[in-house]
Amino acid sequence: MKTLNVGMLGCGFMGRTHSNAYNQVSHFFPDLPFKPVLKCCYGRPEDIETLKKFQKAWGYEEIETDWRKLITRPDIDIVDVVAPNFLHKDMVIEAAGAGKMIICEKPFAMSVAEAEEMVDAVEKAGVANMVSFCYRRNPAVSLFKQIVDEGRIGQPFHYRALYLQDYTISQKVPAGGASLWRLDAKVAGSGVTGDLLAHSIDAAEWINGPIKRVCAKTEIFIKERKNAETGEMVPITIDDACMFLAVFENGSIGTFESSRYARGRKNFQTMELNGEKGAVYFNLEEPEYIQFFRYADPSGQKIEDHLTGWQKILVTNSEHPYMSHYWVPGTMIGYEHYFINQLADFLAGISGGPECHPDVHDALRVQKVCDAVIRSAKEEKWIEIL
Ligand SMILES: NC(=O)c1ccc[n+]([C@@H]2O[C@H](COP(=O)([O-])OP(=O)(O)OC[C@H]3O[C@@H](n4cnc5c(N)ncnc54)[C@H](O)[C@@H]3O)[C@@H](O)[C@H]2O)c1
């Protein structure tokens, strides 16, 4: 097994999920020819205590408070970008310039213009890359895609996605600062569109093909908040909620809805596709299940009868995506395994296996849809995705 030295740019929530994946991947995917080594992790000088705890918890050999220094170290093979969104562009471009492999969190960029620059840099450098739309790697979501690809849905009519949370309802929730950078437009780019709907858009395009046009409505419910660092009241400009209609290139139509004001919803994510021969439904609160309705078989022969109904399939058999790498049928895996699975796919890709997606090109597509959604809401009209 060859070692691959990892430089982790960030030590928060995603820093933890990615570090765990590097530590676990060779246990569950022992045939991969690479063994990741947690070489060095970055955190801001003001986050030094958090960084040291993070180093200890995950077993990094070293720490660094200057991310540029970490990227240019000759002993780093993979640069993993898990910092707030406004840093993704510079980090990815510098990592590409230094010839490093790149794993980057979503949203890939703050705008299409940024994403295009990043794609150019990665293309020029010719480095392996992956963008972390991790929900694709939930075995049930992968099975959703497999069912569609097997022709079991037939002509698609409706795609429906929800991504709902409720943690910003109180006016007392501040904007900015280390953990609430998501409410600061300069750091996050957009609100729920880039943060949450980017996942739904990635899954939708992966499963149902490209989105052609969108028409959106966004809302900012609390217009001013206290800045966590300065204590001053600041205007809020990111979208707290977003709903949009979509037309897919395959002729189907979609609805997408996201909010951080959906009281009771914590990380509620669903997707449904209704077609001529069948339908599929996934709900992240029952992450190991997929629901499937069969009206006809792939040849079009009607099979619906008095016993037909929605099947609730427990996606834990070894025949199901990724599951042969884990426990015995009927036992569960969790959120952290999506990150192990995506890393395994990335490592398989660089070992001559199937090309790993989503890559920077797929992420640019998602960015184009996100930007069109924001523009559509602003201009109150349909926007074509070019
Ligand atoms: N794939 C997913 O499902 C998923 C889930 C959550 C977050 N994300 C993405 O991962 C990235 C990181 O999010 P997170 O939840 O880990 O954030 P986080 O706030 O938990 O951690 C961010 C890290 O960056 C540091 N940081 C904060 N502000 C900074 C600044 N101005 N300059 C430098 N460092 C700064 C923090 O100290 C921390 O180490 C974001 O791009 C986010 O959109 C993806």
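Modeller: The bounds of the domains used here come from an automatic or database domain assignment. Note also that this is a predicted model.

Biologist: How many Å separate the centres of domain 1 and domain 2?

Modeller: The assignment gives domain 1 as 2–135 and domain 2 as 138–384. Taking the centres over C-alpha atoms, the separation of domain 1 and domain 2 is 23 Å.

Biologist: Which element gives the most residues to the side of domain 1 that touches domain 2?

Modeller: In the contact between the domains, 38 residues of domain 1 meet 40 residues of domain 2. On the side of domain 1, the elements that give two or more residues are H1, E5, helix H5 (112–125) and E6. The most, eight residues, come from H1.

Biologist: How do the residues on that side of domain 1 divide into nonpolar, polar and charged?

Modeller: The side of domain 1 that touches domain 2 has three charged and eight polar residues. The nonpolar residues there number 27.

Biologist: In the open sheet of six strands, which strands stand at the edges?

Modeller: The order of this sheet is E3-E2-E1-E4-E5-E6, with parallel pairing. Two strands have a single partner strand each, so one side of each is left without a neighbour in the sheet: strand E3 (62–64) and strand E6 (129–132).

Biologist: What is the average twist from one strand to the next in the open sheet of six strands with the order E3-E2-E1-E4-E5-E6?

Modeller: The pairing in this sheet is parallel. From one strand to the next, the twist averages 25°.

Biologist: What is the bridge partner of Cys104 in E6?

Modeller: Strand E5 (residues 101–105) and E6 run parallel and are joined by four bridges. For Cys104, the bridge partner in E6 is Val131.

Biologist: At about what angle to E5 does helix H4 run?

Modeller: Helix H2 (residues 48–58) packs on the sheet against strand E2 (34–42) and E3, and its direction makes about 165° with that of E2. Helix H4 (residues 88–97) lies across strand E1 (2–9), strand E4 (78–81) and E5. The angle of H4 to E5 is about 170°.

Biologist: In the open sheet of nine strands, which are the edge strands?

Modeller: The order is E16-E15-E14-E13-E7-E12-E11-E8-E17, and the pairing is mixed. Pairing on one side only is found for strand E16 (311–314) and strand E17 (383–384).

Biologist: What is the bridge partner of Gln291 in E16?

Modeller: E14 and E15 form a hairpin with five residues between them, and they pair in the antiparallel sense over four bridges. Gln291 in E15 stands opposite Tyr281. E15 also pairs with E16, again antiparallel and over four bridges. In E16, the partner of Gln291 is Lys312.

Biologist: Are H6 and H8 roughly parallel or roughly antiparallel?

Modeller: Helix H6 (residues 139–149) lies across strand E13 (268–275), strand E14 (278–283) and strand E15 (289–294). H6 and H8 pack with their axes 9 Å apart, at an angle of about 30°. Angles under 35 degrees count as roughly parallel, which makes the relation of H6 to H8 roughly parallel.

Biologist: Which residues of H8 make the contact with H6?

Modeller: By class, this contact has six nonpolar, no polar and one charged residues. From H6 come Val141, Phe144, Lys145 and Val148. From H8 come Ala203, Trp206 and Ile207.

Key. Residues numbered from 1 in each chain as written. Predicted model: local features only at pLDDT ≥ 70, side-chain atom pairs only at ≥ 80, totals over all residues. Pairing = 2+ DSSP bridges. Axes fitted to C-alpha atoms, helices over the stretch in contact; angles between N-to-C directions. Contact = placed C-beta atoms within 7 Å. Parallel < 35°, antiparallel > 145°, perpendicular 65-115°, else oblique. Nonpolar A, V, L, I, M, F, W, Y, C, P; charged D, E, K, R; others polar.
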